[in-house]
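The report that follows reads a single protein chain from its secondary structure, its sheets and its charged pairs. Please keep the sequence and the model in view while reading.

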Amino acid sequence: MAEELELILAGGTVVDGTGAHARRADVGLRAGRIAEVGNLTGAQAARAVPVEGLVVAPGFIDMHSHTDYCYLANPTAESKLTQGVTTEIGGNCGVSGAPLLGPFGHSEEAKRLRDLGIGARWTSLAEMGETLQSRGMAVNFATFVGHGNLRKAVLGYDNRAPDSEELGRMRSLAEQAMEEGALGISTGLIYPPGCYSDTEELIALAAAVAPKGGLYATHMRNEGELLLESVQEALRIGRESGAPVQISHHKACGPPSWGLVKTSLRMIDEALSEGVRVGADQYPYIATSTDLCALLPQWFHEGGSERAMERLNDPATLDRLRAEMLTDGKLRHGASFDKILITQTHPDSNRWAEGLSLDRIAQEWGIDPLEAIFRLLRDADLDVGMCNFLMCEEDVERVMRHPRVCVGSDGVALCSEGALGRGKPHPRAYGTFPRVLGHYGRERGVLSLEEAVHKMTGLTAELLGFTDRGLLKPGLAADITVFDPETVQDRATFTDPRLPAEGIHLVIVNGQIAFESGRPTGALPGQFLKGGSLGR
């Protein structure tokens, strides 16, 4: 007699993540794995859930997130489960939750952990993974090692190239992170200290992770007027290091750069034809989100946050900033003050500014917008977030259609209460995956249902080298998302960014139901996925 199944999803439309046509099939689960896909009429199961009219898909993989250790403050990962995400990839843009070494690594992360109410401490990536696994999380998590972490550990915020001994130490730290389960190395080349590195340093570090299958994931040096030069640099790093390249949140920022993605995508195609392994990810919005500090020039950040705060209180430095930050009344990439929204700030007396534009804040204070930037940063000890409307819809859709572009939220797993329930975050934290399915798929016709699911599951798994999940296939991990193709849609907006999506019915992680009836179940079946165990 056949062994009893633990759960059957009966009568649904299977979209298996490969891009193949949808088909009617039942899905049976056992021991955290997909046991059978097909006609399971008459099969015995502890529980059967009827899913007629619904799509049964692999759990969505968020290629680009920044949750990292935030599961310790939000183990149910509410904003990710509500949009069908079962696995998150962290450590992006050059910043990872580990390793935390040297005075900068310890002091900066200690403040962030304290702000989140997290008492746990660690140094290595292995220790962080053990902490996350022991405390529990609703979704799976895998991570890159941040280039910024390595640079801070060895060079701090020095604006210079490492000598051979320092580069050797950085390479050793990268190799250790790979041994402890990192997916590869990520860079954030607009942020300090990553912005102080040259191409040769990055080639050397990517070459250190490549032998173990490590990727080179990059927030490139420029996503505006120098977009093509930045893509060229990323592809060169891939060619010379041997590491697969993952271009993070691919886009063209600012009206002068709109349309450049036609050429950048062609460059990716040419590199692929030459044997370079390259992919990209994207969030489906026309606004970016990052720290307000990103508007300031790179030299401002030299020496770390204490030196930066000193500069904010120096009249001569402020005069220099004014002269360098504006061109014809516009900021970097042609950004304008009325298109920049403050998402989160401190102290409580400034919370009224969250969700407002810089020009509105400046009007309320009776000062000019640049002074408003300086004041916000001073008051919050540099910890201010922003959304910046810089992209155009035509580019978003063009990038989305490219066969090597997968989906990534670029967001943190948020919740409705506590430290992760504050502010007016970018709506991508709650809406990314349903927005691709609903707005761009069903309504705009940019992608078919099968293409959209592929870009959230099978393609992402392929780019990462995952062989254990990402498809609905017997023997693979039972990460599954069930949704209504007729109603799935994001609801989060820039004015009300914490509205959960519609149409997500069931989310299963490693065989356990983590989201049902519109809310997390409280189950914490997520695993810390180590790169070396993914079959790359």
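The model is a predicted one, in which local features need pLDDT of at least 70 and side-chain atom pairs count only at pLDDT 80 or more, while totals for chains, interfaces and linings use all residues. Residues are numbered from 1 along each chain as its sequence is written, and side-chain values use heavy atoms, with hydrogens and water left out.

Since 9 of the 9 residues of helix 4 (residues 147–155) are buried, this helix is largely enclosed by the rest of the structure. Helices (H or I, at least four residues) and strands (E, at least two) are DSSP runs, numbered from the N terminus. Directly after helix 4, Gly 156 adopts a positive phi of about 65 degrees.

## Sheets

Two strands pair if DSSP finds at least two bridges between them; strand 13 (residues 278–282) and strand 17 run parallel and are joined by 3 bridges, and Gln 282 has Val 407 in strand 17 as its bridge partner.

A second open sheet has 3 strands in the order 14-16-15, and here the pairing is antiparallel. Its edges are strand 14 (287–291) and strand 15 (340–344), each with a single partner strand, so one side of each has no neighbour in the sheet. From one strand to the next the twist averages 25 degrees, with axes as lines fitted to C-alpha atoms, for helices over the stretch in contact, and angles running from 0 to 180 degrees between N-to-C directions. Strand 14 and strand 16 (residues 385–389) run antiparallel and are joined by 5 bridges, with Asp 291 standing opposite Gly 385 in strand 16.

Strand 7 (residues 85–90) pairs with strand 8 in the parallel sense over 4 bridges, and Ile 89 stands opposite Ala 142 in strand 8. In a regular strand the side chains alternate between the two faces of the sheet. Both faces of strand 8 (residues 140–143) are covered, with Asn 140 and Ala 142 buried on one side and Phe 141 and Thr 143 buried on the other.

## Charged pairs

The whole structure holds 38 salt bridges, a salt bridge being a side-chain nitrogen of Lys or Arg within 4 Å of a carboxyl oxygen of Asp or Glu. Three of these pairs are set out below.

| Pair | N to O distance | Relative accessible area |
|---|---|---|
| Asp 26 and Arg 24 | 2.9 Å | Asp 26 4%, Arg 24 53% |
| Arg 160 and Asp 158 | 3.5 Å | Arg 160 34%, Asp 158 35% |
| Arg 322 and Asp 368 | 3.1 Å | Arg 322 30%, Asp 368 34% |

In the salt bridge between Arg 322 and Asp 368, Arg 322 lies in helix 10 (residues 315–325) and Asp 368 in the loop between helix 11 (358–365) and helix 12 (369–379), so the pair ties together parts that are 46 residues apart in sequence. Asp 26 is buried, whereas Arg 24 is exposed. Arg 33, Asp 468, Arg 469 and Asp 479 are linked in a network of salt bridges.

## The chain as a whole

The chain has 16 helices and 21 strands, and 61% of its 536 residues count as buried. Its C-alpha atoms fill a box of roughly 80 × 50 × 45 Å along the principal axes. Among contacts in the chain with a separation of 6 or more, 77% are between residues 24 or more positions apart.

Notes:
Buried means under 20% relative accessible area, exposed over 50%, partly exposed in between (1.4 Å probe, protein chains only). Contact means heavy atoms within 4.5 Å.
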